[in-house]
Amino acid sequence: TYTTDEKRNIDRKDEQRLTSYFLRITKHRTMIIIIEGAGEVGSHLAKMLSNEANDITVIDCDEERLAKLNTTADVVTILGDLSCIKILKDAGVEHADLFIAVNPSASQDVNIVSALLAKKLGCKKVCARINNEEYLSYENKYLFTEMGIDLMFYPEKIAAGEIAGLLKRTASTETMDFARGKLQLSVFKLEDDSPIIDMKVAEFAAAVTFGTQFRVVAISRDDTTIMPKYDTKFKYHDLVFIITTREGVAPLMNFLGKSNIEINNVMILGASAVGEMVASGISGQVDTVKIIDPDKKRCMELSEITDDNVLVINGDGRDSDFLLEENIKDYDAFVAVTGNDEANILACVVAKRFGVERTIAEVENLEYIRLAEEMGVDAVINKKLITAGKIFKMTLSNKVRFVKYMSGTNAEILEYIVAPDSLITRNTLKDIDFPTNAIIGGIIRGNDYFIAVGDTRIEAYDRVAVFALPSAVKEVDRLFR
C-alpha cells in the first residue's frame, strides 16, 4: 500500500510491473508469457496470446515498436536490452510459464542467449526464433535441448516447406496432412462454376457415394469462420475446409471439378531466404526453376550455390514486359516472395493473366490475405500464422501434437493424442458436451483411420484432428487432458 506522495514517485514502468504482478498472484490470467522482440512476429504473438487471456509482457529496445504495440494489445511493455539480466528479472522471467525470443533484427543470436538466460533464471519453457539452418540439424537441436531451449523455429524455412507442399497439391488453396496423409485437410475456394453453391452441407453429403470419407469442418466467409451445421448453405467465394480420408481425396476433387496441375517449371520472384529454400527444395522434382531479383550481388551469390537447373536472373520482376521476356507464359507456377506484400500480390495477378496456372504469394499483412484471394492468388503464405501455431502449442497440454493456423480463417487445427480416461473417452461424441465452436474431423486409431460422426466413441491413444475457433480451444484442451 502506498501513500499519495509515494504514488507520485512511481514511474509508469513500475506501475505496469505492479499491475502485472498483481494479476499473476491473484491468478486472473491463465499463463505468464514474456515475449522478447516487438517486431511483426512478436507483435502478432502478443495480440494473439493476450486474446487468450494470458498475462503478456513484451521486451524490446525500440521505443517506437513498443508504442505501436501498446495501442493494439493489452500487454505490459518494457524498454531495454533484450539480453540484459536485470531487464529479464524486471519482466518477471523467474515466474514465467513461457519465454518467446523473436528479436526481429538480422542477427538473431540474441534470441538464443536471452532464451538460455530466461531458462536459467527460472522460466518453465523457452523458445527462440533463429535464422541459421545449421542449428536445426539433429545433433545441434539435441545440443540446444540439453542446454535448456524447448523449441527453435525458423519461420522462413517452414514457409518454404509449405510452398513446396502447395506446388505438389495444386487443386486446393492450402493442405495439411495427418499421419502421413491418412487424413487430409484441404481448402477449396468456391468459384461460380462450383457444383455445391447454394447446396446445404447435408445435401452435399447425400449427393455423393463417398459421404463417409469426408467432413466439412469449417467455412470462411467475409472474414468470418462458420462452424457448419447440416442446414448451412455454401455460397459463392466461400473458402471450404474439408477433411477426408486418403481414399476420399480423389472422388472429392472429381465431384468439385478440381484437379492437380502438373508442375514442371517454376518461376520465383525474390531471392530472399524463402525463395532460396523453395528453389533448393523443389529443384530435384521439377525441370526448371527461375529466380528473379533486382539485387545483382544477391543474384551472383545465389547462382553459385544453387543446382544446375536453377537459373538466377537479375531484373525487376514487377515489370510485366520483363516477365514476358523471361517467358513467363511457359511456366506452370509462379511464386512471389519478395518481402513486399503489395508487389507479391500484384505480381501473382499479372502472372495469372499471362496464363500461369498456379500462383503463390507470401503475404505478411493479415489484412491483405483476403484481398489477395479475392484478386485471384491461388494460395497465400504467412510466416506469422505459421509461427503462431508452433508457439500456441506450448500453451496447451502435452497431449496436443501440433497446432496450425491456416490463412483465410481465425480457427486453429489441432491434433491430439487422447489421454487414458480423459473426458473425451467417456461417451459417444453426440453425448459429450463438446464446444459448439469446435468440430472433430477425423480419427487415426492404429492403422485404421476414419471420419468422426455422432456415434463415434473416441478411445485412449487415438490421434484426433480438431478444428476449433479460439474461444473453444481451452475447453477442447480440457476434454483431452
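Me: Before we look at the pockets, what do names such as α3 or β10 stand for?
Reply: Helices and strands here are DSSP runs, numbered from the N terminus. In this predicted model, the elements that each supply at least two residues of the lining of the largest pocket are α3 (40–51), α4 (63–70), β10 (224–226), α15 (366–374) and α16.

Me: Which element gives the largest share of the lining of the largest pocket?
Reply: That pocket holds about 1,000 Å³ of space and is lined by 31 residues. H44, N365, L366, E367 and K384 lie nearest its centre. The largest share, 6 residues, comes from α3.

Me: How many nonpolar residues are in the lining of the second largest pocket?
Reply: The second largest pocket has a volume of about 770 Å³. Its lining has 25 residues, and R215, Y230, I439, A452 and G454 are the closest to its centre. By class, 4 of the lining residues are polar, 3 are charged and the nonpolar ones number 18.

Me: Why do the buried residues of α17 line one face of the helix?
Reply: Helix α17 (residues 470–480) has A472, V473, V476, D477, L479 and F480 buried. They line one face because, seen down the axis, they fall within an arc of 155 degrees.

Me: Which element has the lowest mean pLDDT?
Reply: Across the protein the mean pLDDT is 87, with 93% of residues at 70 or more. Over residues 15–29, though, the pLDDT is below 50. Where pLDDT is low, the predicted coordinates should not be read in detail. The element with the lowest mean, 45, is helix α2.

Notes:
Residues are numbered from 1 along each chain as its sequence is written. This is a predicted model: local features need pLDDT of at least 70, side-chain atom pairs count only at pLDDT 80 or more; totals for chains, interfaces and linings use all residues. Side-chain values use heavy atoms; hydrogens and water are left out. pLDDT is the predictor's confidence in each residue, from 0 to 100. Helices (H or I, at least four residues) and strands (E, at least two) are DSSP runs, numbered from the N terminus. Contact means heavy atoms within 4.5 Å. Buried means under 20% relative accessible area, exposed over 50%, partly exposed in between (1.4 Å probe, protein chains only). The arc is that of the directions from the helix axis to the C-beta atoms. On a 1 Å grid over the protein atoms alone, a cavity is a set of points where a 1.4 Å probe fits but cannot get out, and a pocket is an open set with protein on both sides within 12 Å along at least five of seven lines; lining residues have an atom within 4 Å of a point. Grid points are joined across faces, edges and corners, and a volume is the space filled by probe spheres set on the points. Ala, Val, Leu, Ile, Met, Phe, Trp, Tyr, Cys and Pro count as nonpolar, Asp, Glu, Lys and Arg as charged, and the others, Gly among them, as polar.
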